[in-house]
Amino acid sequence: MLVRSALLNVMMGAARKAARSLVRDYGELEHLQVSMKGPADFVSSADIRAEKTLRAELKKARPGYGFLLEEGGEIAGDDKSHRWIVDPIDGTTNFLHGIPNFCISIGLERDGELYAGVVYQPLGDEMFHAEKGMGSFLNERRLRVSARRKMEESVFTTGIPFHGRPGHEVFLKELAAVMGHVAGVRRFGSAALDLAYVAAGRCEGYWEAGIKPWDIAAGVVLVREAGGYVTDFDGGSRMLETGELVAANDQMHQPLLKMLKSARG
Ligand code: 2AM
Ligand code: CA
Ligand code: CA
Ligand code: CA
């Protein structure tokens with residue numbers, strides 16, 4: 001029997017509770033209220049409801065911790081060394097279209113470092129979880145990044161810039177550079193799940209620019225604890241600041257980074 005830390009139990013419990021309303025809302029999409037925060041940036045009553053549950057559950061268990069919430073923004077806590085970084089639905093566009101690839105993402109920062117992460121895909125009941133130094137798991141199973149070492153056998157995921165987001169030209173150059181050398185490039189629409197898939201060895205790597213801390217905070221821990229590498233486009237660790245991220249198994253990270261860099265010129 002796997003013994004999990006109290007911390008991960010708190011995070012997974014909060015995710016499961018919030019997932020109950022998400023699954024209900026997903027079954028009745030026509031009743032949701034949807035508004036736009038910006039061009040192609042949707043938020044629905046389901047996002048708001050799930051975030052409220054997550055915030056309440058996490059606060060109940062760890063009253064002093066601060067928050068960075070996609071919908072609610074920054075909320076300072078008394079405990080300055082801990083901060084939850086929460087996305088109530090990663091993949092809202094999928095969710096609102098009835099495409100089942102969406103998840104809840106809860107990351108925990110400790111003393112400015114990403115320390116733990118939970119990514120929960122409620123429709124597949126896939127609970128990805130990791131804590132620094134303790135490994136990465138999908139439900140009860142320990143995860144390890146893929147062992148593929150050949151570019152031509154590799155599958156990479158990415159994010160396509162959507163309306164209102166800059167970087168179209170750069171992205172097309174990156175895609176052109178990568179797609180000629182690999183078995184496939186996928187765009188699934190949830191950054192958190194893309195990272196979870198790298199951790200699980202389903203894909204060899206993932207890259208995206210223009211992403212937010214709540215899209216990636218949990219997934220970064222999942223990949224690292226599964227033996228993979230995550231950096232910004234310069235090979236450093238300023239992903240939260242730059243909004244740029246390259247994640248891959250140990251074999252593919254350097255080659256992928258190199259391809260992207262030379263594509264950007
Ligand atoms: P969100 O669903 O929480 O907003 C994938 O490219 C990432 O971009 C997702 O993590 C998604 O997070 C975010 N995103 C925001 N608006 C998007 C859009 N219109 N299309 C695709 N992804 C979007
Ligand atoms: Ca959003
Ligand atoms: Ca979201
Ligand atoms: Ca998101």
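Modeller: Keeping in mind that this is a predicted model, the count comes to 6 aromatic pairs if ring centres have to lie within 6.5 Å. Take tyrosine 65 and tryptophan 84: their ring centres are 5.4 Å apart and the planes meet at 40°, so this pair is tilted. The pair ties together distant parts of the chain, with tyrosine 65 in strand E3 (residues 65-69) and tryptophan 84 in strand E5 (residues 79-90), 19 residues apart. Tyrosine 65 and tryptophan 84 are both buried.

Then there's phenylalanine 95 with phenylalanine 102. Here the centres are 4.8 Å apart and the planes stand at 85°, so you'd call the pair edge-to-face, given that anything over 60 degrees counts as such. Phenylalanine 95 has a relative accessible area of 0%, so it is buried, and phenylalanine 102 counts as buried too, with a relative accessibility of 0%. Bring in Tyr26 and you have one aromatic cluster, made up of Tyr26, Phe95 and Phe102.

The ring of tyrosine 115 has the charged end of arginine 110 sitting over it, 4.0 Å from the ring centre. Likewise, the charged end of arginine 202 sits over the ring of tyrosine 197, this time 4.8 Å from the centre.

Methods:
Residues numbered from 1 in each chain as written. Chains lettered and ligands numbered in written order. Predicted model: local features only at pLDDT ≥ 70, side-chain atom pairs only at ≥ 80, totals over all residues. Heavy atoms only, no water. Phe/Tyr/Trp six-rings, centres within 6.5 Å; stacked < 30°, edge-to-face > 60°. Helix = DSSP H or I, 4+ residues; strand = E, 2+ residues; numbered from the N terminus. Buried < 20%, exposed > 50% of the residue type's maximum accessible area, 1.4 Å probe, protein only. Lys NZ or Arg CZ within 6 Å of the ring centre and 35° of its normal.
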